[in-house]
Amino acid sequence: MNFDKLALKYGTPLYVYDFDYFKNRFKKLKKAFKARKSIIAYAVKANSNLSVIKHFSLLGSGADCVSIGEVKRALLAGVDKYKIIFSGVGKRDDEIKEALSKDILMINVESEAELAKIAEIAKKIGKIARISIRVNPNIDPKTHPYISTGLHENKFGVDIETAKKMYIFAKKSDFLNPIGIHFHIGSQLTQLEPIREASAIVADLVRSLKSINIDIKFFDVGGGLGIRYKEEKLIEPYDYAQAILSTLSGLDVTIICEPGRFLVGNGGYFITKVLYEKVNGDKRFIIVDGAMNDLIRISLYKAYHKIEVLSSVENAEISKANIVGPVCESGDFFAKNIKAPKTNPGDLIVIHSAGAYGFSMSSNYNTRERAAEVAVENGVDRLIRRRETFEDLISCEIDYLV
Ligand code: LLP
């Protein structure tokens, strides 16, 4: 990847995505599940750029969405509507109504109250809602607490007993068609056992539902496969698939898998430019033009991202430095006390593993225009989102004119 050339052409801060890498990751995961019917439903939240979604949809991907906005993105990007799932703990009435009228594969339900609401809305608009229920298997996924979701203390899904009640309610309703079951125990998973355990618990529930004539067709295992940011020991896609498949004996279900980070995380780079260096007491700071509003994972989760300093200083002296952005927060840093060569203004800094939850979690804090996004495919680069302008940022504000 020629970061210098891309930064010169498109400016900084800049997100760059390796679309060939995305494709390979998709194919690898799809292949891992080849023993069964499967849908890989890309988790749009990881990177919601329409071109990224389209890239996956052309490979046959579905989409896992958590707002009607994401559902609309998926449809706009050409994803087959019967491969779209709409999840989320708090769907509004208007979102449910629109999802039903768009006739997507299924709505993933996260509470009894929501199930009743979906039935009510479906009745009102004369539809039968295809649903799955998100089961919370109470399994510790052994990941960061902020991205762990499969324990009862988390807000996601319902326990097994409640799920059963909900399936019976749905079966009896004329406006609900329970076709799927769902679980997602967390993100950045690096251990196989919690996944296997959760899958086994949910598969048992599917068997007991079958015994009362509730026939589940889609077994949705969520996303969460971890990637290497630093030196993590990873789960191989094949082993992941095998662990799940091993729990499904006797069940004729289509697997749905909702990876986000696995597909895009390590194919994305965030490129920022050095503005200045300064020293405060004994602390050295490299001040760059990107900031926490562009990539918040480091300040929000204390996440590690590999950082490459492309210094133009000859025989540059190396010393410890903090790499910080221009935002007015002490939390606005990309690295603290890392060994970095002396830099000149204009030198580039490349932050790796930025393809997932990078741009999609960015904001306009401090009235900063969000970065441009570029795709590189077969050695050719193209702009997939132009840099925002000040006019974009103020375009929704109306009152000040009167
Ligand atoms: N399915 C469901 C129901 C989810 O909640 C998530 C992620 C995924 C799939 C995709 O998970 P993945 O394969 O990407 O791990 N912002 C955090 C991650 C939050 C994940 C939320 N749910 C981060 O930057 O690490």
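1. The backbone oxygen of Ser 353 lies 3.4 Å from a polar atom of the His 305 side chain. Note that this is a predicted model. The His 305 side chain also has a polar contact, at 2.9 Å, with the side chain of Arg 297.

2. Where does His 305 sit? It is in the loop between α11 (297-301) and β12 (307-310). His 305 has a relative accessible area of 4%. Buried means under 20%, so His 305 counts as buried.

3. Which residues does His 305 touch, leaving aside its neighbours within four places in sequence? The contacts are Tyr 229, Arg 297, Ile 298, Ile 351, His 352, Ser 353 and Ala 354. Two of these names have already come up: Arg 297 for its side chain, and Ser 353 for its backbone oxygen.

4. Now the cavity. The structure holds one cavity of 30 Å³ or more. The largest cavity has a volume of about 40 Å³. Its lining includes Phe 183, His 184, Ile 185 and Leu 189. Ile 195, Val 221, Gly 223 and Tyr 240 also line the largest cavity. By class, that lining has six nonpolar and two polar residues, with no charged ones.

5. Next, charged pairs. Side chains of opposite charge can pair when their charged atoms come close. How many salt bridges does the structure hold? There are 23 salt bridges.

6. Take Glu 114 and Lys 91. Their side chains meet in a salt bridge, 2.6 Å from N to O. This pair links distant parts of the chain, 23 residues apart. Glu 114 is in helix α6 (residues 112-125), while Lys 91 is in the loop between β4 (84-86) and α5 (93-101). Both Glu 114 and Lys 91 are buried.

7. Glu 110 forms a salt bridge with Arg 134, with the closest N and O atoms 3.3 Å apart. Again the pair links distant parts of the chain, here 24 residues apart. Glu 110 is in the loop between β5 (106-109) and α6, and Arg 134 is in strand β6 (residues 129-134). Buried or exposed? Glu 110 is buried, at 4% relative accessible area. Arg 134 counts as buried too, at 7%.

8. Asp 94 and Arg 92 form a salt bridge, and their closest N and O atoms are 2.9 Å apart. Asp 94 is partly exposed, with a relative accessible area of 40%. Arg 92 is partly exposed at 46%.

9. One network deserves a look. Salt bridges link Lys 5, Lys 9 and Asp 381 in a network.

Terms used:
Residues numbered from 1 in each chain as written. Predicted model: local features only at pLDDT ≥ 70, side-chain atom pairs only at ≥ 80, totals over all residues. Heavy atoms only, no water. Helix = DSSP H or I, 4+ residues; strand = E, 2+ residues; numbered from the N terminus. Buried < 20%, exposed > 50% of the residue type's maximum accessible area, 1.4 Å probe, protein only. Polar contact = N/O pair within 3.5 Å; in protein donor to acceptor, adjacent residues only side chain to side chain. Contact = heavy atoms within 4.5 Å. 1 Å grid on protein atoms, 1.4 Å probe; cavity = no way out; pocket = protein on both sides within 12 Å on 5 of 7 lines; lining within 4 Å. Points joined across faces, edges and corners; volume = space filled by probe spheres on them. Nonpolar A, V, L, I, M, F, W, Y, C, P; charged D, E, K, R; others polar. Salt bridge = Lys/Arg side-chain N within 4 Å of Asp/Glu carboxyl O.
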